[in-house]
Amino acid sequence: VQYQSHPHISALGFRDTKDEMKSNHNLARKYLLLFSSIVALVTINSIVSVPSTQTYVVDSSIGVDPMLQTSHPPQYLLSVPFYVYEEFAWINGTIADLPIASVMRNHSFNGTNRFKHGDDYWFLQASLKHPMRTHNINEAKLFFVPMLLNQFDYYVNKKRRRLCVNERCNMELLNYTSEQLQASTAFQQHPEKHVIVRSHFLPVSDVWDENKRQRPGYAKFFLEMLPKMNAVIFEGIDFLHSIPPKKERYELPSRYTLPAYKVGTACRNSLGAKKDLDVTMVGEMRFRHRQNLCSWLNRSSSISSYCGKGDRCPALAHAKLGFHVVGDTLGSQRLMDTILCGTVPIFTNLDQFKVQGTWIDWKQLSYYLPLNHKPEPRKSKKSVAEAKVIEQEFISGLQAILNDHEGYQRRYKAVLDHIPFFDMSTLYPFDTFMYLMQANIYPETRQLQSRWSAMILPPVLYSKPKQQVR
């Protein structure tokens, strides 16, 4: 702003002379400049008030939930048209008389978490908005089946709640949807080009008893229709393997499956938060690995940490590093929470990488520090000494990571760049999974590059021949 350098110019940019004030021309100019100055001030204030790392803008034109888009060109990978069976989509339904959207957003312990097995819901939302969606089923190369099977298994089969869509509830809803899908000519001709999400941890054997035949419609769907489709599944474990193989029709056909992302949630105002903690791990403490970790961190005077039970926010947003520790299973929502908060994760078990997508180069985004069991406490001096050695080795390894300033900054930047890649409220997770399905079914359409540096693309079948130099 240059007005302060001239003695005859006021704060809003007008010359303070009587002759000019009497001029109608300059009076119009005055109001024009006044309006321009107000607009400029409002624009500057709006820019200043938004954190520099925040890149999302809301797009509320989808379904019952807005999706988020990045402000720069999206560069989606999916390049073939796909069809969504919107005519029987479970989108405007209720769970225990509450809208599904509110249940998906307010499920967990602090009242703000998204349901970690809600990827079926977010994929349904994204499928209706993705630019490669076609409304002409005859043009489609892929088909997305918008049933919320995770919610059906968790709320209906486990919690005994009512899941209703258009006045059809529970088994009536599942049977109706199954009949509609089975009547589809596209499904009859190309079931192997259909994609569905069923990534809840609950095995089929837990919700269907072959001998009692309590849910014949449910059994029929899982046995005769679901095995024909490609699926997003829980931690790479195909749920169909839990069905007792007593007859030939139980044998699994050849199909393509991908391990699901857990649905993560960022802390409020996490992007741009001051990183004044070295490391954190907040979760259930009934697991020995986690008990060991927190006892070691709490005893360390050189490492600032927040470890134990409680609310993961705001500690997760203020930590440089977040531990990903084995619990009931190898995977955890905590990994996605950590990334969405702009915090670099630390894997603690090599098998944890196996249940994540093989298409992700985790070396760019994370560290690895093995967390070994401390020997069971005994009175012998030998066991106490062994435990001390394990603790010292772990703390030394963590200190080495904290001293890797260049490596941390590189990973921190990569994590920030990849937040939309993992955030289920953007189109990118759906785009990634559907592209991987496309690359498997139509390998000739594989892409040579993507905007995500940490994504390992399926190899192309061929490359352009190099021109010979004469």
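A residue counts as buried when its relative accessible area is under 20%, as exposed when that area is over 50%, and as partly exposed in between, with a 1.4 Å probe and protein chains only. By this rule Arg160 is exposed, because its relative accessible area is 56%. The model is predicted, so to speak of local features a pLDDT of at least 70 is needed, and side-chain atom pairs count only at pLDDT 80 or more, while totals for chains, interfaces and linings use all residues. Residues are numbered from 1 along each chain as its sequence is written, and side-chain values use heavy atoms, with hydrogens and water left out.

The chain has 470 residues, of which 49% count as buried. It holds 17 helices and 16 strands; these are DSSP runs numbered from the N terminus, with helices (H or I) of at least four residues and strands (E) of at least two. Contact here means heavy atoms within 4.5 Å. Among contacts between residues at least 6 apart in sequence, 73% join residues at least 24 apart.

Arg160 follows helix H5 and lies in the loop between H5 and strand S7 (163-165). Its phi is near 60°, a positive value in a residue other than glycine. Glu167, in the loop between S7 and S8, also has a positive phi, near 70°. Glu167 is exposed, because its relative accessible area is 78%.

Helix H5 itself (residues 149-158) is mostly covered, with nine of its ten residues buried. Among them are Leu149, Phe152, Asp153 and Val156. Tyr154 and Tyr155 are buried as well.

Helix H6 (residues 170-182) has 13 residues. At 1.5 Å a residue it should span 18 Å, and its end C-alpha atoms are 18 Å apart, which agrees; the expected span is 1.5 Å times one less than the number of residues. The buried residues of H6 are Asn170, Leu173, Leu174, Thr177, Ser178 and Leu181. Seen down the helix axis, they fall within an arc of 130°, so they line one face of H6. The arc is taken from the directions from the helix axis to the C-beta atoms.

Two open sheets can be followed next. Two strands pair if DSSP finds at least two bridges between them. Strand S4 (residues 94-95) is joined to S5 by two bridges, and Ile95 has Leu98 in S5 as its bridge partner.

The other sheet has five strands, in the order S13-S12-S14-S15-S16, and its pairing is parallel. Its edge strands, S13 and strand S16 (367-368), each pair on one side only. Four bridges join strand S14 (residues 319-324) to strand S15 (residues 344-347), and Gly322 stands opposite Pro345 in S15. In the loop between strand S13 (305-308) and helix H11 (315-318) lies Pro314. A cis peptide bond joins Cys313 and Pro314, with omega about 5°.

A nonpolar core is a set of buried Ala, Val, Leu, Ile, Met, Phe, Trp, Tyr and Cys residues joined through side-chain atoms within 4.5 Å. The largest one has 111 residues, and those with the most contacts inside it are Leu321, Phe323, Leu398 and Phe422. Helix H17 (residues 428-441) gives the most to this core, with eight residues. Another core, of five residues, lies apart from it and includes Cys267, Ala273, Leu316 and Cys341. Leaving aside neighbours within four places in sequence, Leu398 is in contact with Val279, Leu297, Ile303, Leu321, Phe323, Ile346 and Leu369.

Aromatic rings come last. Rings of Phe, Tyr and Trp (its six-membered ring) pair if their centres lie within 6.5 Å; planes under 30 degrees apart count as stacked, over 60 as edge-to-face and the rest as tilted. The structure holds 25 aromatic pairs. One of them is Phe144 with Phe430, edge-to-face, at 5.4 Å centre to centre and 90° between the planes. This pair links distant parts of the chain, since Phe144 is in strand S6 (residues 142-144) and Phe430 in helix H17, 286 residues apart. Both Phe144 and Phe430 are buried. The rings of Tyr154 and Tyr155 have centres 4.9 Å apart and planes at 90°, so this pair is edge-to-face.
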